[in-house]
Amino acid sequence: MKFGFVSTRFSGTDGVTLEAGKWASVLEKKGHETYWMAGQLDERPNSHLVPEAFFQHVSNQRIHAALFCEDPNLGAVEELFERMVRTVESELSVFCDKYKIDVLIPQNALCLPMPVTLGYSLSRFISKNNFPTIAHHHDFFWERERYNTHPLGSGLADNFPPSTQSVEHVVINSAAGQDLLRRKGLSSVVVPNVFNFEEPPAPLDEYGARFRIAIGVSPEELLVLQPTRVIRRKGIEHAIVLLSRLSDLKPHLVISHAAGDEGMEYKRDLLRLATELRVKMSFVDDRIADERGVNAQGQELYTLQDAYQNADFITYPSLYEGFGNALIETFYFKKPVLVNRYSVFVQDIEPKDFDLVTMDGEIDENVVAKVRLVLSQPDKIRLMTEHNYAVAQRNYGFSALANLLEGSIERIKKNK
């Protein structure tokens, strides 16, 4: 079959782009063909670029500013809104005709209005043509406060996502599925984010082994990796508190991703706390890239894989996650980890029986003692991480994804 992936962008390393790539790999391995339509696209074959579908297109930015603000005004952009919807709907028709698409796979485009015009276009096109669709929902608009006030009436809920019969809804966690059923009466399939556990990571090589020294971690220090962006819901202050209580082990907290998505205040708060508690902490996003190379200063760049493979311990004290990609990556790279028991973890991941250290919203003496015990037992680390790899492979590997997708495909065929 021919599957057409549609989103506002398929570019870079954002979560939607990465997960779409994994779906495509699994489908292609099964003999299917994949095609791509977006407003921003990495260079790839079988693709259809539609600039009007990009959330940062000047018209979409104008529409968004008018609709989702303290004083929304639909009238100011109504004509532009409709023109953009018609344009993208027309391009969807061109895309499907050009590549003879059998099934559309909108990626987050029918649940989050970024841009709102893309979701309306997809809903109209799918409804008019009763087009077979597997809608992959990563985030719903009602989870974002900024979409609480708008002048679209029921239109937002009607299109994000639509109730069209030809659409199979896929969510990434059980809570999202329950929410969708409660709010809109729509059933869904839970397909968690995955990793290619069928192909273990290559061993750490000579280049990667230079990562620790390059970022200023000395050989006698314990490299504790926080593999997340610097935003408040990641709970990074808990990692700092933990390390302050393990000072005799000479821990060094390394934060892999950048700050700025929600401003710089949180980063400043973390720096103050680390100074107060005398915890050594480094932000190394300027030394981590998609590929190895050198930056403008001639310094070596490393990948996130290099960071994981050099880590002695991982902290993941998130307050909330839609799923928890970094946790699954931790299992893949066979590293011991501390996890805050956020709601999706408790409901979907914890029952799988992983072996890890957990916390319930705070670093208490029991948590510190468990982390210390794990770090003192290399054999225990090996056994627990091998166990976690095996459990993750069964539940979050490409084979598990393949089985779930085949189920969706069979249901789509029956409904055609």
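Two strands are taken to pair if DSSP finds at least two bridges between them. Helices (H or I, at least four residues) and strands (E, at least two) are DSSP runs, numbered from the N terminus. The views show a predicted model, in which local features need pLDDT of at least 70 and side-chain atom pairs count only at pLDDT 80 or more, while totals for chains, interfaces and linings use all residues. Residues are numbered from 1 along each chain as its sequence is written, and side-chain values use heavy atoms, with hydrogens and water left out.

**View 1. Strand E6 and its neighbours E5 and E7.**
Strand E5 (residues 133-137) runs parallel to E6 and is joined to it by 5 bridges; Thr133 stands opposite Val167 of E6. E6 and strand E7 (residues 189-190) also run parallel, joined by 2 bridges. Val170 has Val189 in E7 as its bridge partner. From E6 the chain passes through helix H6 (residues 174-184) to E7 in a right-handed β-α-β crossover (with the strands pointing away from the viewer, the path from the first strand over the helix to the second runs clockwise).

**View 2. The two faces of strand E6.**
In a regular strand, side chains alternate between the two faces of the sheet. Val167, His169 and Val171 lie on one side of E6 and Glu168 and Val170 on the other, and all are buried (under 20% relative accessible area; exposed is over 50%, partly exposed in between; 1.4 Å probe, protein chains only). Because 5 of the 5 residues of E6 (residues 167-171) are buried, the strand is largely enclosed by the rest of the structure.

**View 3. The salt bridge between Arg210 and Glu300.**
A salt bridge is a side-chain nitrogen of Lys or Arg within 4 Å of a carboxyl oxygen of Asp or Glu; by this rule the count is 26. In the pair Arg210 and Glu300, the closest N and O atoms are 2.6 Å apart. The two residues are 90 residues apart, Arg210 in the loop between E7 and helix H7 (211-214) and Glu300 in strand E12 (residues 300-301). Arg210 is partly exposed at 34% relative accessibility, as is Glu300 at 23%.

**View 4. The salt bridge between Asp312 and Arg212.**
The side chains of Asp312 and Arg212 meet at 3.3 Å, N to O. Asp312 lies in the loop between helix H10 (304-310) and strand E13 (313-316), 100 residues from Arg212 in helix H7. Asp312 is partly exposed at 28% relative accessibility, whereas Arg212 is buried at 15%.
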